Amino acid sequence: MRVWIVFVLCLAGHAMAAPTEEEVIVEEPVTEEPVVEEIEVGANPVQVEVGEFDEAIEIVEDVVEDVAAENPCLNHHCKKGKVCEVDESNTPMCVCQDPTTCPAAEGVFEHVCGTDNKTYDTSCHFFATKCTLEGTKKGHKLHLDYIGACKMIEPCMDSELKEFPLRMRDWLKNVLVTLYERDEDNNLLTEKQKLRVKKIYENEKRLQAGEHSLDLLAHDFEKNYNMYIFPVHWQFGQLDQHPVDGYLTHTELSPLRAPLIPMEHCTTRFFEECDADSDKYIALEEWAACFGIKEQDVDNDLII
């Protein structure tokens, strides 16, 4: 838990607002995926800049006419791996970036691992390479797997898989409490979210953050079940951004999965099995079930 909390605050304050006008390409199955700087403790795992993981989102904003006349690319945004160029009629278009034009990595901390088990110098090199493979079978299957150089990830045993949600639930609860404690005028949480978290924060029965045995985590979930309902819903809402449709895709899960995999080797299998009907999307009901939330407590109104 201590490692998770450090990871959490490292990612605070980036992606609270979803981009406008997104177009989503069909995602690969949930089966497979910035530099995490050491800052002080705890922010939301999805508050990594989402752009680092956008494999299927292209955003085009309204172009101001006078500026567009000079350089239409100034307000034409391309997804990761592509750059803007203008054609003969001065119309902006997105084309694949040449991987050799990507800035060199400043250190090994910029390396990322693809689902092809190949280490790429930076996320720029990865997405540029993926773009050049568009339309091919290899490109269709290639995704960013996790942050860091490729390494041996131990298989996740059944017994370990059962332990994963115990730590994850407690982590999500403490992420919210940490954000609440630090959110004065930082807009880390909305007013409605603060009201929900305040009840958890002020509950004298709340299990404090720290290293706890699995037995204690299981006991706390059973005795203080209601404290975990909102954190699970909240995290779903933070991930469901492209678009906000009540389903999590491979790309939407990436900001949470990619940094976690090197630390928690059951991450990939956990999210694979959350997709109970194997339709490549994780619905809120499936997500809640993964964390032990009862069916009658699943509530779309808690995604605030």
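1. Two strands pair if DSSP finds at least two bridges between them. Strands (E, at least two residues) and helices (H or I, at least four) are DSSP runs, numbered from the N terminus.

2. Side-chain values use heavy atoms, without hydrogens and water.

3. Strand S1 (residues 82–86) pairs with strand S2 (residues 92–96). The sense is antiparallel, over 5 bridges. Lys82 faces Cys96 in S2 as its opposite residue. The two strands make a hairpin with 5 residues between them. In the turn, Asn90 has a positive phi of about 65°.

4. An open sheet of 3 strands runs in the order S4-S3-S5, with antiparallel pairing. Strands S4 (119–120) and S5 (144–147) each have a single partner strand, so one side of each lacks a neighbour in the sheet. Strand S3 (residues 112–114) joins S4 through 2 bridges. Val112 stands opposite Tyr120 in S4.

5. Confidence next. pLDDT is the predictor's confidence in each residue, from 0 to 100. The protein chain averages 81, and 77% of the residues score at least 70.

6. Residues 5–51 have pLDDT below 50. Beyond near neighbours in sequence, this stretch has 136 contacts in the model (heavy atoms within 4.5 Å). Where pLDDT is low, the predicted coordinates should not be read in detail.

Technical notes:
Residues are numbered from 1 along each chain as its sequence is written. This is a predicted model: local features need pLDDT of at least 70, side-chain atom pairs count only at pLDDT 80 or more; totals for chains, interfaces and linings use all residues.
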